[in-house]
Amino acid sequence: MGAVAFGFLLAAAMELRLLAARWVRAGHGNAVWLVSSPVLVMNAAVIVFGVSLGPAQPVIGTLIALVGAVVLAVFVNAFIDMSKRVSAMPANGDVSLALTDPLANVGVFMAGLFAVGGLVAVVVLVVWGLSLPR
């Protein structure tokens, strides 16, 4: 039942995004939050998944919830920046210029997160492999 409700929530967020994109093009910075609602819904789902996995697998559930919370914080920071830039944009300004820099910062952060996460995973696997009895 929860998956169906989540699907309806995500579908509503996608439809709301299409409507709000027109407002962003018109220079309404507050509509950036509505345009980005699918991203917020998906990040919230990752956090809920990590928390719900907690009783069965505490370490993995905590790690998933923690990574989801960090990614959500980065996206919220980018959306705040985008909202300010769109609101400060002059009339007939190019909206894409106001949205590009914050998204580039998110991309750099995500690349770093994947690189550090991959390195940590390799180190954990090597340590675990060396700790196995021979």
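A residue is called buried when its relative accessible area is under 20%, exposed when it is over 50%, and partly exposed in between (1.4 Å probe, protein chains only). This is a predicted model, in which local features need pLDDT of at least 70 and side-chain atom pairs count only at pLDDT 80 or more, while totals for chains, interfaces and linings use all residues. Residues are numbered from 1 along each chain as its sequence is written, and side-chain values use heavy atoms, with hydrogens and water left out.

**Stop 1: the whole chain**

Display the protein chain as a cartoon. It contains 5 helices and 0 strands; helices (H or I, at least four residues) and strands (E, at least two) are DSSP runs, numbered from the N terminus. The radius of gyration of the protein chain is 19 Å, well over the 14 Å that the globule rule gives for 134 residues, so the chain is more spread out than a compact globule. Here the radius of gyration is taken over C-alpha atoms, and the globule rule is 2.2 Å times the number of residues to the power 0.38. Along its principal axes, the C-alpha trace spans about 70 × 35 × 15 Å. Of the 134 residues, 22% count as buried.

**Stop 2: helix α4**

Select residues 58-87, which form helix α4. How far apart are the end C-alpha atoms of α4? They are 43 Å apart, which agrees with the 44 Å that the 30 residues should span at 1.5 Å a residue; the expected span is 1.5 Å times one less than the number of residues. Next, colour the buried residues of α4, among them G61, A65, G68, V71, F75 and F79. The buried residues of this helix pack against α1, α2 (32-35), α3 (37-53) and α5.

**Stop 3: N43**

Select N43, which is placed in helix α3. Is N43 buried or exposed? With a relative accessible area of 10%, N43 is buried. Leaving aside residues up to four places away in sequence, N43 touches V71, L72 and F75, where contact means heavy atoms within 4.5 Å.

**Stop 4**

The structure holds 2 salt bridges, a salt bridge being a side-chain nitrogen of Lys or Arg within 4 Å of a carboxyl oxygen of Asp or Glu. Side chains of opposite charge can pair when their charged atoms come close. R85 forms a salt bridge with D81, with the closest N and O atoms 3.4 Å apart. These two residues are 4 residues apart in α4 and are therefore separated by about one helical turn. R85 is partly exposed at 31% relative accessible area, and D81 is partly exposed at 26%.

R85 also meets D101 in a salt bridge (3.4 Å, N to O). R85 lies in α4 and D101 in helix α5 (residues 95-131), so the pair ties together parts that are 16 residues apart in sequence. D101 is partly exposed, at 40% relative accessibility. Shared partners join D81, R85 and D101 into one network.

**Stop 5: a nonpolar patch**

Finally, select L16, L19 and W23. Together they form a nonpolar patch on the surface with about 250 Å² of accessible area. Patches are made of residues with over 30% relative accessible area and no salt bridge: like charges are joined within 9 Å, and nonpolar side chains (Val, Leu, Ile, Met, Phe, Trp, Tyr) within 5 Å. Accessible areas come from the Shrake-Rupley method with a 1.4 Å probe, and for residues only the protein chains shown count as cover. L19 lies in helix α1 (residues 2-25) and is partly exposed, at 37% relative accessibility.
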